[in-house]
Amino acid sequence: MNIWKQVKQQLAAELNQQLEKDIIKPGDFILTPDASLGDLALPLFVLAKDLQTSPAKLAIDLAANWNSDWCQAEAAGAYLNFRLSTEWNKEVLANIETGENERIGEGQEVMIEYSNANTHKEYHLGHLRNISYGDAMGRLYRAAGFKVWPVSYINDFGIHVAKTIWALKRGFVPMTEDASADKGFLLGQAYVEAVKQLEILPEGPAEVSQIMQNIEARTGEDYDLWTTTRQWSLDYFASIYQELKIEFAEHYYESEYIEAGRALVDELLKKGILRESQGAIIADLEEYGLGVLVVLRADGTALYPVADLALAQEKFRRHELTKSLYVVDVRQSLYFKQLFKVLELMGYRAEMAHLPYDFVKLPSGMMSSRTGNTISYRDLYLKVFEKFKNEIADRHVDWDEDQMIETARILTVATLKFEMLKVGADKVICFDVDEALRFDGFTASYLEYVAARINSVLSKSGLETSAILSAGGDLSQALESRLVAKLAQFEEKIEQSAQAANPSELAKYLYELAQLFNDYYQTVPLLVDDSGLRAVRMRLLLNIRTILQNGLELLGIEIVRQM
RNA sequence: GCGCCCGUAGUUCAAUGGAUAGAACACCAGACUUCUAAUCUGGUUAUCUAGGUCCGAUUCCUAGCGGGCGCACCA
């Protein structure tokens, strides 16, 4: 139930009745720029023109004839401002407490592919942005009632694999006998070393090429080495997913779709969707303004679309999808337009969309796993984790080790994800480690701190949840009304974030809510002697925590109990 | 050359075509005998340029400037 939308509908209905026309729509209302002006506003410029009067005069007329108690109307220049009564506050809280929300996606299935990492390479910040974004989008769709299939697609078969294996065979990077997750991490370093050595050793390229052929033959020593090292990477990825609490319904691997892809290419050649050109096999999409997509090289080896086409086919075969989404770097925008066009020509009609996001760069320049100018996920995680752990140790000498570690883990994951999600997907993130290690300002820590503060106050209130929920006192402070109005906007924010495919809107909303709370906490005493007042304030806090918790959950972030 | 994205405060980012362009960081000055100071309060600073549409443009259109990224055998 979207209460803010209900309010807009109600206002529109009452105004239309007053005017005896059906011209005001719920979408015409805007938020006031300042709380002193009220909660909602209606700009009257267009309406005044239709009614052949001036906006200011219309505002005065409408305000004069307004006679509803639940909401006050006031003319302010060309705007009609509305202020909701304090009575309304409790309705909002009751609405949140019932926990129902709109489910526009009921009965629809959406597949969302993300975390398209490469085995035998480092898992770095770029992947962190991808997985955080993909996970959040999946959660937003799920909240809207869709059946969501989060899937990962792992590229385990490119030339980069051969390079890494070459580096291992040549002993450029010593492999330890530690857990395989560590080996997965070391593979990333092996790859960087391979790229370096390939520029030095003249015999390198030929050796790598031979290894690639051996792997593709799927037999022999190099193939066995591929199987083993591939598993190291997969175990490493799995450990990261577990750490981030991100779960996939299915995992797809490029190596498993190349063969089917080749058969598909033959079929599409016969159908005339693909054709031969300059020795290569292409999809000629010039007539759609999409240029040319090369599918097979002139030497017959497969390019990326081969597996991708077969994979898409498999996805549609397995599930009745209404939407199929791909969370991939913005640089592949053209590629996805081409891929979707070919799939359309093949007869697929489901909605297919690329959810692009811009890359993560460092103050030192572009990240590149080839040159090694990256921040690995693991290094960053450990750095942030250490900082939190030290901070907790300073503040809570009485905590045991388990509590410290668990809290630091939650805060670390929250920080990593929040840093990736708080910026619009269309923006390049210039990642500054020192910035990310901050605990103040627009950070996950700020939000977590509010949750912890609320928990603390609630437990000191001495009230049972049932007593809090049935509290009947009045929330009459201006800050309380602002907080409630903010809470009421939650559903709408979710909808907007989902529609714009932009979790940063939700992140920003939650931050603003937290700011309001801290202001409230600072200025208004909460644990007051008046038991009715105390109870209703606790009720407000409980609701703030609910929204904070639910909102952060949509971003894939857990809240701490204490910090 | 063609296409896509981005140009907002010293920096990093906000603003479904609406009221005085908001935050955060940094900097300066304050607030814990009282619910967690990982907090709060106050102070200084900005829409790349030129046109156009509109009652109203950071937002939409055109041209230019600046940056990034794509565009036939990378993924």
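# Notebook: strands, helices and the RNA surface of chain A

I began with the pairing of strand E13 (residues 360–362) and E15, which run parallel and share two bridges; strands, here and below, are DSSP runs of E with at least two residues, helices are DSSP runs of H or I with at least four, both numbered from the N terminus, and two strands pair if DSSP finds at least two bridges between them. I noted that Lys-361 has Cys-430 in E15 as its bridge partner.

Before going further I wrote down that this is a predicted model, in which local features need pLDDT of at least 70 and side-chain atom pairs count only at pLDDT 80 or more, while totals for chains, interfaces and linings use all residues. Residues are numbered from 1 along each chain as its sequence is written, and chains are lettered from A and ligands numbered from 1 in the order in which they are written.

**Sheet with E13.** I then looked up the sheet to which this pair belongs, and found an open sheet of three strands in the order E14-E13-E15, with mixed pairing. Strand E14 (365–366) and strand E15 (429–430) are at its edges with a single partner strand each, so each has one side without a neighbour in the sheet.

**Chain A overall.** I recorded 21 helices and 15 strands for chain A, and a box of roughly 85 × 65 × 40 Å, taken along the principal axes, that its C-alpha atoms fill. Of its 563 residues, 41% count as buried; the cut-offs are 20 or more other C-beta atoms within 10 Å for buried, 12 or fewer for exposed, and partly exposed in between, with C-beta atoms placed from the backbone. Among the contacts in chain A with a separation of 6 or more, 73% come from residues 24 or more positions apart, where a contact needs the C-beta atoms, placed from the backbone, to lie within 7 Å.

**Sheet E8-E9-E10.** The next sheet I checked is open, with three strands in the order E8-E9-E10 and antiparallel pairing. Its edges are strand E8 (275–277) and strand E10 (292–296), each with a single partner strand, so one side of each is left without a neighbour in the sheet. Neighbouring strands here are turned by 50° against each other on average, direction ignored. For the antiparallel pair of E8 and strand E9 (residues 280–284) I noted three bridges, and that Arg-275 stands opposite Ile-282 in E9.

Gly-272 is exposed, with 8 other C-beta atoms within 10 Å, and its C-alpha atom is separated by 9.2 Å from that of Ala-283, eleven residues apart along the chain.

**Strands E1, E2 and E4.** Strand E1 (residues 30–31) pairs with strand E2 (residues 40–43) in the antiparallel sense over two bridges, and I found Ala-41 in E2 as the bridge partner of Ile-30. E2 is also joined to strand E4 (residues 79–84), again antiparallel, by four bridges, with Tyr-79 in E4 as the bridge partner of Pro-43.

**RNA strand B.** I came back to Ala-41 when listing the 70 residues around RNA strand B, since Ala-41, Arg-297, Gly-424, Gly-441 and Tyr-449 come nearest; a residue is near the strand if its C-beta atom, placed from the backbone, lies within 6 Å of it. Helix H16 (residues 444–460) gives the most to this surface, with eight residues. By class the surface divides into 37 nonpolar, 21 polar and twelve charged residues, where Ala, Val, Leu, Ile, Met, Phe, Trp, Tyr, Cys and Pro count as nonpolar, Asp, Glu, Lys and Arg as charged, and the others, Gly among them, as polar.

**H5 against H14.** I looked up one helix pair: the axes of helix H5 (residues 125–143) and helix H14 (residues 401–421) come within 9 Å and cross at roughly 85°. That makes H5 roughly perpendicular to H14. In the contact, Leu-128, Arg-129, Ser-132, Tyr-133 and Ala-136 of H5 meet Leu-416, Lys-417, Met-420 and Leu-421 of H14, and these residues divide into six nonpolar, one polar and two charged.For these terms I kept the conventions that axes are lines fitted to C-alpha atoms, for helices over the stretch in contact, with angles running from 0 to 180 degrees between N-to-C directions, and that angles under 35 degrees count as roughly parallel, over 145 as roughly antiparallel, 65 to 115 as roughly perpendicular and the rest as oblique.

**Positive phi.** Lastly I noted Glu-20, a residue other than glycine with a positive phi near 60°, in the loop between helix H1 (3–19) and E1. Glu-20 is exposed, with 6 other C-beta atoms within 10 Å. Gln-52 also has a positive phi, near 55°, and is placed in the loop between helix H2 (45–50) and helix H3 (55–64).

Note on methods: Two residues are in contact if their C-beta atoms, placed from the backbone, lie within 7 Å.
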